[in-house]
Amino acid sequence: MTRADITDLIVEIIADIDDEADFDNLDPEKPLRDQLDLDSMDFLDIVMELRKRYKIQIPEEDYPQLATLNSCATYLEPMLKDV
Amino acid sequence: MPTHFKYCKDRYDAVVIGSGLGGLTTANRLARCGHRVLLLEHHHRLGGLATWFKRKGHIFDVSLHGFPYGMVKTCKKYWNREIMNSIVQLRDIVFDNPQFSLKTTFDKQDFAALLTNRFGIDPKRIEAFFRRVDTMNFYDDRTMTTRELFEEFFPGRSDVHRLLMEPITYANGSTLEDPAITYGIVFSNFMNRGVFTFQGGTDQLIALMTRELEKNGVTICTGARVDRIETKNGRTTGVNVNGRTIGAPAVVSNSGITNTIYNLVGTDCFTDEFLEQADRIRVNNSSCQVYLGIRPDTSIEMIGDLIFSSRSPVFDSAELLDVNTRSKTFSVYYPKTRPGHDRYTIVASMNSRYEDWSKLDEEHYRLAKVALIDRTLDDLERYVPEIRAKIDWQEAATPRTFNRYTLHTRGTSFGTKFEGLDVSRSIFKQIGGLFHVGSVGIIMSGWLGAINYGVIVANDVDSYLRSIEKV
Ligand SMILES: Cc1cc2nc3c(=O)[nH]c(=O)nc-3n(C[C@H](O)[C@H](O)[C@H](O)COP(=O)(O)OP(=O)(O)OC[C@H]3O[C@@H](n4cnc5c(N)ncnc54)[C@H](O)[C@@H]3O)c2cc1C
């Protein structure tokens, strides 16, 4: 997966979690939490979905790495490079 | 329909012990992740403390007094839309005590207006208070108590402290001495939008949840009490029910945390350090309730959905726990609670200590219950005149009742104090594959807390099951 694929994937997962989320004007450098009104339960959903789909394990101490779309791409790129 | 225990298979991916909202949610999430799940419940009905019972045409809800708006999102994500769509607001929350009598929708806006207009507090101060509690989270400083928080913002204002604290004490048994963060998190949850309930009643909620579990393939067994959690070489291997072993690499206990450690596993399986931590766990208080059924041909006026009623001069945690407390909540269930079921019921709830009830012999126990009902009717008389003539059913539950139905240590209504959370979160580090879910740490209790905790624990279990799959 490329970085662009990964950010698309994250957006798709969030859309599944929250069908009212508004992705227009989403700034990939800014925290998803503030822009989409996500809470810690939503981040847990993202982690669980990634595990279910791609068998990747994200330990709790790494959750902060999922803060922005860009940081998600950076963190997940090595794990998803063969997908 | 629940299966009889004898038809259960010998092996599952995960066994969930107990069907409180935490256990139900973990079971549902794990099944959705594709695991084979067995849910075992000792009672004949699912739901744990989220329960109800029928008497003489009345349906009494035990723990449906109100929950925060967050339930809407949580039910949508982790259960289904049908469940979410039944959540409705309770708009008339009443406080009535010697310091003030008022009605509120129990949300931030209304509270701020009340604090300004009725209590004469500077709006800037109120705003600062809300900002502080809104931004509190679990990782913050745990040493500040709620009393200190209140004194910082509203020094010497025992009336304001009462307005802010009384509902939360009823909601989760916490006191002014508990960490301010537990107060902040729970209070902000309610202040988000107000108090909500489940239209159709607890029976309807649990029926919908049961259907969802079955759709997702969970095997459900009621009347199945787990006697032991089995372990071998530091890992769990399954559970034992009435002499029969069911194997599973993951076991999730929704039994109380103290029960799980001391009775289901046994102390010889844990390190001394962990046990020292476990020994320090304080379980929360229990409850007394009085259930009153209004005669079918009688109606009562709208007197509020939830009434925080007290005759104590000031808020006092000890007074609230006393057998003879003059402080209680009345939940009034109008026909709107269960559309189509044209009845009124009233449930009075009080915080209570197990020790005050456990030592009574049968005759004194019976008399104490009669006196409890009597005091409750006296207090209710102020809101519903001639209440005694209007009811055709009266019954009391005590800490003994809660202990009998849930097996919880000292009949605790709201799990444990704050320290229980760390123990619950770290039990799997002691015994591989063993997890705990259920009311702990004040913040993980209540309907919303228990369901969200169920999701958090399901994530841990799923992660564990997938990690051992690979090996
Ligand atoms: C009187 C009262 C009023 C309340 N009001 C409200 C309210 O208005 N709003 C709100 O949000 N919350 C309320 N609560 C709190 C809320 O009901 C609980 O926090 C929540 O339901 C607890 O869920 P839980 O997952 O911790 O499990 P519990 O409901 O405690 O259930 C645990 C389950 O495990 C089962 N079990 C235990 N041991 C075994 C075993 N060995 N084998 C098999 N099964 C076992 C028990 O039978 C039980 O079914 C109230 C609680 C009480 C007592």
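Predicted model: local features only at pLDDT ≥ 70, side-chain atom pairs only at ≥ 80, totals over all residues.
Biologist: How many salt bridges does a search of the whole structure find?

Modeller: A salt bridge pairs a side-chain nitrogen of Lys or Arg with a carboxyl oxygen of Asp or Glu within 4 Å. Over all chains, the search finds 44 salt bridges. One of them links the side chains of Asp45(A) and Lys77(B), at 2.7 Å from N to O.

Biologist: Where do Asp45(A) and Lys77(B) lie?

Modeller: Asp45(A) belongs to helix α3 (residues 40-54) of chain A, and Lys77(B) to helix α2 (residues 70-78) of chain B, so this pair joins two chains.

Biologist: Are Asp45(A) and Lys77(B) buried or exposed?

Modeller: Buried means under 20% relative accessible area. Both Asp45(A) and Lys77(B) are buried.

Biologist: Which parts of chain B does the pair Asp96(B) and Arg382(B) tie together?

Modeller: The side chains of Asp96(B) and Arg382(B) form a salt bridge of 3.6 Å, N to O. Asp96(B) lies in strand β7 (residues 93-96) and Arg382(B) in the loop between α14 (362-380) and α15 (387-390), so the pair ties together parts that are 286 residues apart in sequence. Asp96(B) is buried at 16% relative accessible area, whereas Arg382(B) is partly exposed at 34%.

Biologist: What is the case for Arg353(B) and Asp356(B)?

Modeller: Their closest N and O atoms are 3.2 Å apart, in a salt bridge. Arg353(B) is partly exposed, with a relative accessible area of 31%, and Asp356(B) is partly exposed at 28%.

Biologist: Which residues do salt bridges that share partners join into one network?

Modeller: That network consists of Asp39(A), Asp42(A), Asp45(A), Arg29(B), Lys73(B) and Lys77(B).

Terms used: Residues numbered from 1 in each chain as written. Chains lettered and ligands numbered in written order. Heavy atoms only, no water. Helix = DSSP H or I, 4+ residues; strand = E, 2+ residues; numbered from the N terminus. Buried < 20%, exposed > 50% of the residue type's maximum accessible area, 1.4 Å probe, protein only.
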